[in-house]
Amino acid sequence: MLKWLFGNKAPDGNSNNTPSPEPTSPNEFEMFSRTATLVVFDLDCLKHRIEEDVDWWAEPADEVVELHERNLLIAGLGANDWYGVRVSEAAIDTTQLFSLKFPSGRVYIGPGENITGGGDEPTGEHGGKLFTFEPGDYTVGLMRKDQEIFLSVMSSEPFSNSHSGPVTI
């Protein structure tokens, strides 16, 4: 379905020419999600999906497999809309904690429509942002307040992600 709607990758979310607010720090950005999702993953963790259909991740079973493998976090947002995203290396007050591996340290955080697949991977050019972390294991915490999404990304020991279905915030 996504491939039919968007081709290989979704168009820029700013199609209505509404200017997005300027971020106030390098760890903050605005994004428009056309798939009502936010994703977090190291680019190397999804290399095995690059030649799959652009919407491979729309199947909940595949989403959960990648979460259990600690390759990918997909968070459902409930609506296609603009979101402010704040990324911090400090803990946040949340019970939604996930273990991810960052083998290359090149980590994409942004709308799900830019996930690796359909022959390419995200660059940040069409929304979201690429971050650089030290390679290793991380705990990612998620919290949302209205249209603001808060992520903590902290180096940690790996642990099992036990979700049996899609994650929502």
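How many bridges pair strand 5 with strand 8, and in which sense? The two strands pair in the antiparallel sense over seven bridges.

## Basis of the model

The model is predicted: local features need pLDDT of at least 70, side-chain atom pairs count only at pLDDT 80 or more, and totals for chains, interfaces and linings use all residues. Residues are numbered from 1 along each chain as its sequence is written, and side-chain values use heavy atoms, with hydrogens and water left out.

## Overall composition

The chain contains two helices and 10 strands; helices (H or I, at least four residues) and strands (E, at least two) are DSSP runs numbered from the N terminus. Starting at the N terminus, the order of elements is α-β-β-α-β-β-β-β-β-β-β-β.

Of the 169 residues, 44% count as buried, where buried means under 20% relative accessible area, exposed over 50%, and partly exposed in between (1.4 Å probe, protein chains only). The chain exposes about 8300 Å², and carbon and sulfur atoms supply 50% of that area; accessible areas come from the Shrake-Rupley method with a 1.4 Å probe, and for residues only the protein chains shown count as cover. Contact means heavy atoms within 4.5 Å. Among contacts between residues at least 6 apart in sequence, 79% join residues at least 24 apart.

## The sheet 1-4-9-8-5

Five strands form an open sheet in the order 1-4-9-8-5, with mixed pairing; two strands pair if DSSP finds at least two bridges between them. Strand 1 and strand 5 are at the edges with a single partner strand each, so one side of each has no neighbour in the sheet. Direction ignored, neighbouring strands of this sheet are turned by 30 degrees against each other on average; the axes are lines fitted to C-alpha atoms, for helices over the stretch in contact, and angles run from 0 to 180 degrees between N-to-C directions.

Strand 2 (residues 37-42) pairs with strand 6 (residues 106-111) in the antiparallel sense over five bridges. Leucine 38 has proline 111 of strand 6 as its bridge partner, and valine 39 stands opposite glycine 110 in strand 6. Strand 2 also pairs with strand 3 (residues 73-76), in the antiparallel sense over four bridges; there, glycine 76 is the bridge partner of threonine 37. Six of the six residues of strand 2 are buried. Thr37, Val39 and Phe41 point one way from the strand, while Leu38, Val40 and Asp42 point the other way.

## Nonpolar cores

In soluble globular proteins, nonpolar side chains tend to be buried together. A nonpolar core is a set of buried Ala, Val, Leu, Ile, Met, Phe, Trp, Tyr and Cys residues joined through side-chain atoms within 4.5 Å. The largest such core has 25 residues, and those with the most contacts inside it are Leu38, Leu73, Val85, Phe102, Ile109 and Leu151. At least two residues of this core come from each of strand 1 (28-33), strand 2, strand 3, strand 4 (81-88), strand 5 (96-102), strand 6, strand 8 and strand 9. Apart from this core lies another, of 10 residues, among them Leu43, Leu46, Trp56 and Leu72.

Leaving aside neighbours within four places in sequence, isoleucine 109 is in contact with residues including Phe29, Leu38, Val85, Phe131 and Leu151.

## Residues with positive phi

Most residues other than glycine have a negative phi. Arginine 70, although not a glycine, has a positive phi of about 70 degrees. Arginine 70 lies in the loop between helix 2 (60-68) and strand 3 and is buried, with a relative accessible area of 13%. A polar contact of 2.8 Å joins its side chain to that of serine 99; such a contact is a pair of N or O atoms within 3.5 Å, and within protein one must be able to donate a hydrogen and the other to accept it, while residues adjacent in sequence count only if both atoms are side-chain atoms. Leaving aside neighbours within four places in sequence, arginine 70 is in contact with Ser99, Leu100, Lys101, Asp137, Pro158, Phe159 and Asn161.

Aspartate 146, also not a glycine, has a positive phi of about 55 degrees. Aspartate 146 is found in the loop between strand 8 (136-145) and strand 9 (148-155) and is exposed, with a relative accessible area of 61%.
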